[in-house]
Amino acid sequence: MISRRGFVAATAIAGLGLGLTVADAQEARAQDTNYLLATASTGGTYYPVGVALATLTKVKLQPGEGIGMSAINSAGSGENIKLIREKQAQFAILQGLYGYYAAQGVGPLEQEGKQDHLRSVSMLWQNVEHFVVDDEHRDSGTMSDFANLPEGSKVALGRQNSGTLGSNRTILGNLGVDIDEHFDLMYAGYTPSAEALQNGQVAGISTPAGVPVGAVTQLMAAAGGSVAPLDFTDEQVAEANGEMDLWSRYTIPAGTYPGQEADWNTIAQPNFLAVHADVPEDHVYLITKTVYENLPFLQAIHPATKAMALEKAIAGLPAPLHPGAARYYEEQGVDIPEKLMAK
């Protein structure tokens, strides 16, 4: 765990960054409502997207409403769950699967129990599943081909202890494959995994990320027809979800990757904006409204937010919506399922 003063906080006003400590930001809240948004390491996507959200909040809401936000780096989703639980941060960006663990009190968060205070605000962008096998293993062109790889096949499904490996373990487990028993796992990042498939060192890979994934682009350009991207059928989408309803249909348009002549019908899970239930409804309403009325502002700061759209705002959310966010979506005519309405 990192100490409170070990956080690096970042905020920007009118495009200018100001580094803050957690103590500084909390002192500022004594005079203004300045929320903390936990992200992840500065080298990934969570942190710059968090800074973009904090910038937007400060620029649009602080002058008139007194609502500010500061983005702080952290160890990622697992740490962010703890920060929200202990109210060291009010907002956080979370991987959908970790949000599910927290909301249900299962998996690595089973000992902590259900995090009943956790609420969703919006899907931000999606981690799109890219399962690819050596073409010699293509049969149906669907995930059945991955599940039917011979026992002992070497595959690359993510680094040890990574979210990538965890999500792949969940998906394939729901499809009836225990990856730790059935496969010989190569623990590697995306580029080494793609190169291993290209070189015949592994039979298949999975690289969940925003489209396009650089490693997949390089693989498809270099390997051509010797590798096969795998689709999910509607039945396999349901099976992969199990009881979670976390992954939703995602179509990668033909031509996105070199040599990709047909649409790639896969699935995706959300990275989403979470909030503590104690944050006032009006504040979450205004923040949600501001985000969706200023998407070009966000998209100019970081391209990951180009995936955001009102019609996708609640796709795959694993925790109930905060009433403030739900109020905005209802005003916009979004059909909210009962399971996402906070009790």
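**Reading the terms in this model**

Author: Glycine 66 comes directly after helix H2, and its phi is positive, near 70 degrees. Helices here are DSSP runs of H or I with at least four residues, strands are runs of E with at least two, and both are numbered from the N terminus. The model is predicted: local features need pLDDT of at least 70, side-chain atom pairs count only at pLDDT 80 or more, and totals for chains, interfaces and linings use all residues. Residues are numbered from 1 along each chain as its sequence is written, and side-chain values use heavy atoms, with hydrogens and water left out.

Reader: What makes lysine 58 a bend in helix H2?

Author: The bend is the angle between two fitted axes, one for the seven residues ending there and one for the seven starting there. At lysine 58 that angle is about 35 degrees, within a helix of residues 46-65.

Reader: Why is glutamine 236 called buried?

Author: Buried means under 20% relative accessible area; exposed is over 50%, and partly exposed lies in between (1.4 Å probe, protein chains only). Glutamine 236 has 7%, so it counts as buried. Its place is helix H10, residues 234-241.

Reader: Which residues does glutamine 236 touch, beyond those up to four places away in sequence?

Author: Contact means heavy atoms within 4.5 Å. By that rule glutamine 236 touches Thr142, Met143, Ser144, Leu175 and Asp231. Methionine 143 is 93 residues away in sequence, yet the C-alpha atoms are 7.4 Å apart.

Reader: What makes the link between glutamine 236 and threonine 142 a polar contact?

Author: A polar contact is a pair of N or O atoms within 3.5 Å; within protein, one must be able to donate a hydrogen and the other to accept it, and residues adjacent in sequence count only if both atoms are side-chain atoms. These two side chains are joined at 3.2 Å.

Reader: Is glutamate 281 buried, exposed or partly exposed?

Author: Glutamate 281 has 37% relative accessible area, so it is partly exposed. The residue lies in helix H11, residues 281-293. Its side chain makes a polar contact of 3.0 Å with that of arginine 327.

Reader: And how do you know where asparagine 127 belongs, buried or exposed?

Author: Asparagine 127 has a relative accessible area of 15%, so it is buried. The residue sits in strand S6, residues 118-128. A polar contact of 3.3 Å joins its side chain to that of asparagine 271.

Reader: How do you know that strands S7 and S10 pair?

Author: Two strands pair if DSSP finds at least two bridges between them. S7 (residues 131-134) and S10 (residues 204-206) have three, in the antiparallel sense.

Reader: In what order do the five strands of the open sheet stand?

Author: The order is S9-S8-S10-S7-S11, with mixed pairing.

Reader: What makes a nonpolar core?

Author: A nonpolar core is a set of buried Ala, Val, Leu, Ile, Met, Phe, Trp, Tyr and Cys residues joined through side-chain atoms within 4.5 Å. The largest has 90 residues, and Phe91, Phe146, Leu172 and Tyr329 touch the most other members. H2 gives the largest share, nine residues. A second, separate core has 22 residues, among them Val132 and Ala156.
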